[in-house]
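Please read the report below with the sequence and the 3D view side by side.

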Amino acid sequence: MVKYFHTIAKGFQIPMLMVLLFSIKICYAQETKLSLSISSTTVAVGDQFRVEYRLEGNAKNFNGPNFNDFTVVSGPNQSQQTQIVNGNFYQFSAFSYVLQANKEGTFTIPAANVDVGNKKVYSNTAAIKVAKGNPNNPVANASKNVFLKASVDKSSVYQGEGIVVTFKLYYNVNIVNYNFDKAPDFPGFYSQEIKLPNNTPSYKENYDGATFNVAEIKKMVLFPQKSGVLNIEPMGGEIVARIPVKKQRGNDPFDQFFNDPFFGNPFGNSAQDVKVNIASKIIPITVKPLPQPAPVAFNGAIGKYNAQLNLSSDKVKQNDAIDLQFKITGKGNLKLLDPLTLTFPSDFEAFDPKIDQQINISVNGVNGSKSFNYLIIPRTAGNFKIPASEFVYFDIEKGRYETINFPEQNITVLKGDGSPATISNTPAGQTQVKALNDDIRFIKLSKSATTLFNRLKFNDPLFLLLLVMPFALLLGIQLFLFFSKKNESTALLTARAESIAKKKLSLAKKHLDAGKHVDFLNETHLALWQFTALKLNMTTSEITIDNI
């Protein structure tokens with residue numbers, strides 16, 4: 001066992017040394033640079049083009065720019081690459097966007113930046129010229145006739161107030177295929193999806209002076225969890241649209257005759273399937289903070305609510321169970337509501353509340369009911385009180401806090417016969433009480449129970465040994481199996497890895513003795529690099545600092 005722990009200790013040293021040397025090598029071999037490139041410097045209105053920010057070296061927090069003059073179809077899409085050239089380690093990252101030109105003019109693609117230590121490294125900028133669009137360009141036509149749009153029922157809300165956001169696909173062409181692979185992000189929101197019925201029919205809608213077919217793709221209810229300006233991020237995907245292409249007229253008079261628009265065939269029965277990347281635009285939401293100071297009893301309930309506090313019985317026998325139900329009905333952030341703060345007498349045994357909720361999520365928001373059912377059991381006879389309490393919520397319509405008061409609950413507990421707990425006029429706690437009756441007998445402080453307790457010698461060494469032995473045995477078996485399997489599966493790889501590493505380190509020593517420090521670092525780095533790849537059974541391209 002000592003040998004195994006020694007092996008583990010050595011295993012921890014190797015990765016630490018590797019990470020240290022890798023970090024040194026990166027700083028030595030590569031300077032951090034961020035550069036911008038675009039797929040074309042001249043495009044037409046409606047065309048899509050690619051923008052890529054290429055990062056050389058190691059940095060944190062890529063900060064992309066705002067493309068105010070263009071529509072962001074997709075992005076940022078991130079990719080990484082690692083290379084070893086002449087013993088030098090190079091790391092590259094690419095952050096790409098697909099943009100669509102909206103209007104004519106000359107525009108500047110802004111710079112992005114990354115964090116390197118305590119400073120920022122900026123990319124260059126690039127100029128792009130947007131010319132007048134070609135009316136016969138299939139991609140441009142598709143972009144004008146199929147797009148994705150997000151809409152909200154309100155853009156200014158209170159913190160915690162529900163917002164319904166709908167993602168709609170607008171189209172005036174035949175859709176051959178579609179794939180919405182970029183799900184929208186909702187940073188700062190608690191979200192709940194509205195389930196749309198299967199085969200939801202499309203409908204007509206007028207947008208920007210034209211009539212479109214509209215299909216609703218996704219609906220969500222969002223609850224902002226902080227104040228300020230929060231963004232509903234884009235939803236995106238790829239559409240394959242079948243676009244009519246106007247046929248060029250030749251000199252053949254028959255061709256001119258049959259393709260004449262007068263005969264109802266302006267496009268000459270020609271069509272082209274075009275892939276179009278589409279994405280909705282970012283929607284900013286202004287979130288107002290709740291009025292301060294908030295009442296002490298306020299616990300985050302926002303909406304329009306009614307509440308009730310019902311006790312199943314106010315007169316029971318000792319050890320009989322009582323059900324106390326706190327029920328909220330209304331519209332708002334029901335799923336986020338917490339139970340009422342209640343104080344029970346010390347002579348009562350109270351269990352965590354059982355939660356029942358009937359919640360409907362629709363285009364009208366979230367409404368329904370939520371119940372907290374407390375099971376309480378008085379253990380001694382007498383007259384008891386559950387103190388008065390209150391439920392406070394923020395009324396969205398009135399813009400103020402509302403309070404529902406509950407009076408104190410008086411309970412008379414009669415002396416019982418010492419039997420286990422029984423149900424008292426309440427179906428809600430029946431299952432719990434039945435389980436208690438079967439599995440847990442309540443303690444009876446009788447002479448027989450005390451005598452049985454005194455017979456058990458919990459401080460007896462033999463009793464403690466028998467108690468610990470099963471766990472120690474199980475732990476020993478698990479350790480044995482773990483190290484056995486690990487040694488068997490890695491024996492061959494270890495032998496090969498050590499052989500290659502020794503050759504590399506031997507060469508590195510020769511460079512060190514000769515005073516060739518750069519070559520020494522290169523060979524040492526390669527030795528550790530290849531050793532890691534073999535030990536972890538990974539290809540060289542998969543070995544990155546993050547993976548290690």
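Ile377 counts as buried because its relative accessibility is 0%, where buried means under 20% relative accessible area, exposed means over 50%, and partly exposed lies in between (1.4 Å probe, protein chains only). This residue belongs to strand S27, which covers residues 365-378; helices (H or I, at least four residues) and strands (E, at least two) are DSSP runs, numbered from the N terminus. Although Ile377 and Gln318 are 59 residues apart in sequence, their C-alpha atoms are 7.9 Å apart in space.

The model is predicted, so that local features need pLDDT of at least 70 and side-chain atom pairs count only at pLDDT 80 or more, while totals for chains, interfaces and linings use all residues. Residues are numbered from 1 along each chain as its sequence is written, and side-chain values use heavy atoms, with hydrogens and water left out.

**The whole protein**

The secondary structure comes to seven helices and 31 strands, and of the 548 residues of the protein, 37% count as buried. A contact means heavy atoms within 4.5 Å; among contacts between residues at least 6 apart in sequence, 74% join residues at least 24 apart. The protein exposes about 32500 Å², of which carbon and sulfur atoms supply 54%, with accessible areas taken from the Shrake-Rupley method with a 1.4 Å probe and, for residues, only the protein chains shown counting as cover.

**Nonpolar cores and a buried loop residue**

A nonpolar core is a set of buried Ala, Val, Leu, Ile, Met, Phe, Trp, Tyr and Cys residues joined through side-chain atoms within 4.5 Å. Which members of the largest nonpolar core touch the most other members? Of its 29 residues, they are Leu169, Phe186, Phe189, Ile232 and Ile285. Several strands each supply at least two residues of this core, including S11 (146-152), S13 (163-171) and S17 (210-224), and the largest share, five residues, comes from S13. Leaving aside neighbours within four places in sequence, Phe189 is in contact with residues that include Ile163, Leu222, Leu230, Ile232 and Ile285. Apart from this core lies another, of 26 residues, among them Phe326, Leu334, Leu342 and Ile376.

Not counting residues up to four places away in sequence, Ser123 touches Leu34, Ser35, Leu36, Tyr53, Ala111 and Ala112.

**A helix and a surface patch**

Helix H7 (residues 517-535) has 19 residues and reaches 27 Å from its first C-alpha to its last, close to the 27 Å expected at 1.5 Å a residue; the expected span is 1.5 Å times one less than the number of residues. Among the buried residues of H7 are His525, Leu526, Trp529 and Phe531, and the helix is followed by Asn537, whose phi is positive, near 55°.

Met469 is found in helix H6 (residues 461-513) and, at 49% relative accessibility, counts as partly exposed.

**Salt bridges**

Side chains of opposite charge can pair when their charged atoms come close. A salt bridge is a side-chain nitrogen of Lys or Arg within 4 Å of a carboxyl oxygen of Asp or Glu, and a search of the whole structure finds 13 salt bridges. The table gives some of them.

| Glu193 | Lys218 | 3.3 Å |

Glu349 in strand S25 (residues 348-350) and Arg379 in the loop between S27 and strand S28 (382-386) link distant parts of the chain, 30 residues apart, and Glu349 is partly exposed at 31% relative accessibility. Lys509 and Asp513, being four residues apart in helix H6, are separated by about one helical turn, and both are exposed. Finally, salt bridges that share partners join Lys398, Arg400 and Glu402 into one network.
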